Amino acid sequence: MTDQKAPKSEQTRTLILETALRLFQERGFDKTTMRGIAKEAGVSVGNAYYYFESKEHLVQGFYDRIGAAHQAAVRPILDNETDLQKRLAGVLTSWMDIAAPYHEFASQFFKNAADPESPLSPFSPESEDARQAAIDIHREVLAGAKTKVPAELADVLPELMWLSQMGLVLYWVFDRSPNSEKTRRLAERGAQLTTRGIVLARFRVLRPLVREVHELFADFLPGMAQTATAGARERASDPDPEPDHADPKSA
């Protein structure tokens, strides 16, 4: 019989991460030390640093956990739904379902994540893997929808959709309505508005505006700059063969 239990190293890593999340909630991020986490987890300080180089890396572990759970939760939506608005709304609300247990202490992270120099920032190099994984979900949202996206916008739209999600997360952090109901309504309406914008972006005359908005964010958010530059090079080498007009009713 195959042992289905996780390896001891993974169990230890999970124990340290879960202990850290509990202490962040009880004491706050700034007052929680790696030594305190190790003591509560029943491991040596050296062992704690072996799995996580710093408190910031513990939070990155939290980001990775949320991201992996979100990727699993959205599979039924992305595998079975073709309506763009429903796909996007499902992705946004499923993230809230996954993150709900951590809502009470989400604000503890925000004051650090809001610092552009902090490794906890969603735009930091340390957050690149989690950021790209989230952007990839939005890329799949578009790829599997019956609403077709112009080829020249295929790179920029997923990043803009992710930025919109970051705005939703910020609202969720401070939302104290029961079950974050206000944020859920915002997610539904945001999905509707985004879908309408994407349909309109099929008109060639509006596409430069979408690219300019993306470039604006890329200029001021360093984490997006590298992807934006690569996307620009790809668009320059692949002229858009589509006609000048598209019928939005065909979406």
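**View 1. Ser 180 in the loop between α9 and α10.** Ser 180 is found in the loop that joins α9 to α10 (181-200), where helices (H or I, at least four residues) and strands (E, at least two) are DSSP runs numbered from the N terminus. With a relative accessibility of 7%, Ser 180 counts as buried, a word used for residues under 20% relative accessible area, while exposed stands for over 50% and partly exposed for values in between (1.4 Å probe, protein chains only). Leaving aside residues up to four places away in sequence, Ser 180 touches Met 96, His 103, Trp 172 and Asp 175, contact meaning heavy atoms within 4.5 Å. The model is a predicted one, in which local features need pLDDT of at least 70 and side-chain atom pairs count only at pLDDT 80 or more, whereas totals for chains, interfaces and linings use all residues. Residues are numbered from 1 along each chain as its sequence is written, and side-chain values use heavy atoms, with hydrogens and water left out.

**View 2. The crossing of α6 and α9.** The axes of helix α6 (residues 84-99) and helix α9 (residues 156-174) come within 12 Å and cross at roughly 40°; these axes are lines fitted to C-alpha atoms, for helices over the stretch in contact, and angles run from 0 to 180 degrees between N-to-C directions. The two helices α6 and α9 are therefore oblique to each other, since angles under 35 degrees count as roughly parallel, over 145 as roughly antiparallel, 65 to 115 as roughly perpendicular and the rest as oblique. From α6, Leu 88, Leu 92, Trp 95, Met 96 and Ala 99 meet Met 161, Gln 165, Leu 168, Val 169 and Trp 172 of α9. Sorted by class, this contact of α6 with α9 has 9 nonpolar, 1 polar and no charged residues, where Ala, Val, Leu, Ile, Met, Phe, Trp, Tyr, Cys and Pro count as nonpolar, Asp, Glu, Lys and Arg as charged, and the others, Gly among them, as polar.

**View 3. Ala 133 in helix α8.** Ala 133 lies in helix α8 (residues 128-143) and is partly exposed, with a relative accessible area of 24%. Although Ala 133 and Ala 68 are 65 residues apart along the chain, their C-alpha atoms are separated by 8.7 Å.

View 4. An unreviewed UniProt entry places the feature "DNA-binding region" at residues 33-52. The C-alpha atoms at the ends of residues 33-52 lie 12 Å apart, and the span is 75% helix and 0% strand. UniProt positions are given in the numbering used here, feature names are shortened, and annotations may be inferred rather than shown by experiment.
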